[in-house]
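I opened a notebook for a structure I had not looked at before. These are the entries, in the order I made them.

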Amino acid sequence: MFAMGLSHHLFSDYVALKLMFRMETLAFARTNLVGMAEVTEKSFKLFLAMHEKLDNSLSHYSTEYGHNLEKLRAKAAGFYAVFDEGDIKQFTKPFGDKRGALYQHLRYGSEKTIDGFKTNLGELMPIVEKILFNCVLRLGEQDRKIVKNS
């Protein structure tokens, strides 16, 4: 159940991100970066949920990982080596805490432990799509059908 609800949100978040990114990259820069983090987090959680098939997925991924994209990436890499590639590691590294300090800073405009962050959204979007597409396409055939039809 967790994975099905998550897939609905993941795909709608991705479509919204893609539209905003194409329409007005600079005006929506902060929103797009938050969207990239959210799509990445949901992609990894969907991928892991479909591979691990835990009874307590919602509480497990919230308690164990929170918003820690680096920890999610490392766990996903145990199932598929593409998640160990340098570009993906470079993207997830700044989001490497469970509390999600950078993520909170991007969402709310301030966070007491964050001091500067810069990036190029044009370079990040292909990485986010690489993560999303690999998370979905590397599911087993039956799981891909379930996600596709949900």
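The entries below go from the whole chain to single residues.

**Ground rules.** I am working with a predicted model, where local features need pLDDT of at least 70, side-chain atom pairs count only at pLDDT 80 or more, and totals for chains, interfaces and linings use all residues. Residues are numbered from 1 along each chain as its sequence is written, and side-chain values use heavy atoms, with hydrogens and water left out.

**Whole chain.** I looked up the elements and found eight helices and zero strands; helices (H or I, at least four residues) and strands (E, at least two) are DSSP runs, numbered from the N terminus. Of the 150 residues, 43% count as buried, where buried means under 20% relative accessible area, exposed over 50%, and partly exposed in between (1.4 Å probe, protein chains only). I noted an accessible surface of about 8200 Å², 54% of it belonging to carbon and sulfur atoms; the areas come from the Shrake-Rupley method with a 1.4 Å probe, and for residues only the protein chains shown count as cover. Contact means heavy atoms within 4.5 Å. Among contacts between residues at least 6 apart in sequence, 71% join residues at least 24 apart.

**Core.** Which residues touch the most other members of the largest nonpolar core? I found Met36, Phe44, Leu46, Phe83 and Phe91, out of 39 residues. Such a core is a set of buried Ala, Val, Leu, Ile, Met, Phe, Trp, Tyr and Cys residues joined through side-chain atoms within 4.5 Å. H2 gives the most to this core, with 10 residues. I placed Thr40 in helix H2 (residues 29-52). Thr40 counts as buried because its relative accessible area is 0%. The side chain of Thr40 reaches the backbone oxygen of Met36 at 2.8 Å. Leaving aside neighbours within four places in sequence, I listed Leu69, Phe91, Val128 and Ile131 as contacts of Thr40.

**Ala3.** Ala3 is in helix H1. Buried or exposed? Ala3 counts as buried, because its relative accessibility is 8%. Beyond four places in sequence, Ala3 is in contact with Leu46, Ala49 and Met50. Ala3 and Phe47 are 44 residues apart in sequence, yet 8.6 Å apart in space, C-alpha to C-alpha.

**Val15.** Val15 also lies in helix H1 (residues 2-23).

Conventions:
Polar contact = N/O pair within 3.5 Å; in protein donor to acceptor, adjacent residues only side chain to side chain.
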